[in-house]
Amino acid sequence: MKMMFLRAGIAMFAFSAASSHAAGLLDNYVVGFSKAIDTKEASAVAYNWDTRTLMVTNDEEEDDGTNIWGEYDLNGNKTATIILSGCLSLGSSQCDAEGLTYVGNGQYVVAEERYQDIALLSQTGVDGTTRTYTAYPDAPTISVGSDAGNSGLEGIAYNKVTGDFFGVKERSPETIWKISGANFGTETATVTELFDIAALPGLDRLSDIAVLSNGIFSATPFGDNLLILSGRSFNLLEVTQAGQIVSSYDLSGFKSLVDPANQGGKFEGLTLDDAGNIYLVSDDGDGPNQSYLVKLSYAGSVPEPATWAMMLGGFALIGSTMRRRKVAVAFS
């Protein structure tokens, strides 16, 4: 019986420690690297869990209407050039690929800011280290909101556990959306506002969003939480889906790197890999700045799902034992 109490106590202590750890997830990150990349106007980054690579978007089109992105390994080395065509067919504003997320099977969903659409992209060709993806006019597209100019859909994230998407509108007003039941075959989805943005005070515009459920955090108490990036505020927040701020990471130490000319360089994109490492990309603002890829390495520990089960079992054991002791006392 003493051994049973000991095991239950260990489980209870472990759960308590994990809960305390969960309360400050972003406290467990250290800078892994900061690397200059040659993808101009880097505006979004997505982690491909099948190839373990990062896709980085460029939010401006070339004169011929192509949109050139870059693929990088997890050490920040470029592995491929990505080309999409058809930007000029979108309208007077052309391409503004501000958000990107991976959805599996080699496919990505891009968020177009001005028209507030999300479009499904697939690889269509390979020529050495250059790959082509679905042309914009041919991509299945779902409308998230009405045309918003340069203040619209700024980031997108896919939860592969639930199939939901989460999106952020940059400003006027700042909004966090949950996009459920997305069907690119019928080009339909249900879009709802997740919570009142007033719950996140002090943010100057929203830049991107990421989910914690796709990697090692999926079976933890904070697995349902979201990361919210505000590039202009140089701030990264961990929040619950009810809008409660759980932890934060101050990015202001990178300002001299991404905006040395003080002309608007800022972090625009955010993603996580399977191990919980965070990757950020910065654009070059309005001046001669350089786009950067920054890695924040996760330095904490996360119990395996089996460990969580043991912890819960420990609580059950404590409750069961206490009930048995109460019964014994009553009958004596």
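Reader: Why is D63 called exposed?

Author: The relative accessible area of D63 is 80%, and exposed means over 50%, while buried means under 20% and partly exposed is what lies in between, with a 1.4 Å probe and protein chains only. Since 80% is over 50%, D63 counts as exposed. This is a predicted model, in which local features need pLDDT of at least 70 and side-chain atom pairs count only at pLDDT 80 or more, whereas totals for chains, interfaces and linings use all residues. Residues are numbered from 1 along each chain as its sequence is written, and side-chain values use heavy atoms, leaving out hydrogens and water.

Reader: Where does D63 sit, and what makes a patch of negative charge there?

Author: D63 is placed in the loop between β3 (53-58) and β4 (67-72), where strands are DSSP runs of E with at least two residues and helices are runs of H or I with at least four, numbered from the N terminus. On the surface, D63 gathers with E60, E62 and D64. A patch takes residues with over 30% relative accessible area and no salt bridge, and joins like charges within 9 Å or nonpolar side chains (Val, Leu, Ile, Met, Phe, Trp, Tyr) within 5 Å; Asp and Glu count as negative, so the patch of these residues is one of negative charge.

Reader: How do you know that D96 and R114 form a salt bridge?

Author: A salt bridge needs a side-chain nitrogen of Lys or Arg within 4 Å of a carboxyl oxygen of Asp or Glu. For D96 and R114 the N to O distance is 3.0 Å, so the pair meets that rule. D96 lies in the loop between β5 (78-84) and β6 (97-104) and R114 in the loop between β7 (107-112) and β8 (117-121), so the bridge ties together parts that are 18 residues apart in sequence.

Reader: What makes D283 and K266 a salt bridge, and which parts of the chain does it link?

Author: Their closest N and O atoms are 3.3 Å apart, which is within 4 Å. The pair links distant parts of the chain, D283 being in the loop between β21 (278-282) and β22 (292-298) and K266 in the loop between α2 and β20, 17 residues apart. D283 is buried, because its relative accessible area is 4%, and K266, at 11%, is buried too.

Reader: Why is the pair of F165 and F184 called edge-to-face?

Author: Rings of Phe, Tyr and Trp (its six-membered ring) pair if their centres lie within 6.5 Å, and planes under 30 degrees apart count as stacked, over 60 as edge-to-face and the rest as tilted. By this rule there are 10 aromatic pairs. F165 and F184 have 6.5 Å centre to centre and 80° between the planes, so the angle is over 60 and the pair is edge-to-face. F165 lies in strand β13 (residues 165-169) and F184 in the loop between β14 (175-183) and β15 (188-193), so the pair ties together parts that are 19 residues apart in sequence.

Reader: How do you know what kind of pair F254 and F267 form?

Author: Their ring centres are 5.6 Å apart and their planes stand at 85°, so this pair is edge-to-face.

How values were computed: Areas by Shrake-Rupley, 256 points an atom, 1.4 Å probe, with all protein chains shown as cover. Charge placed at Lys NZ, Arg CZ, Asp CG, Glu CD.
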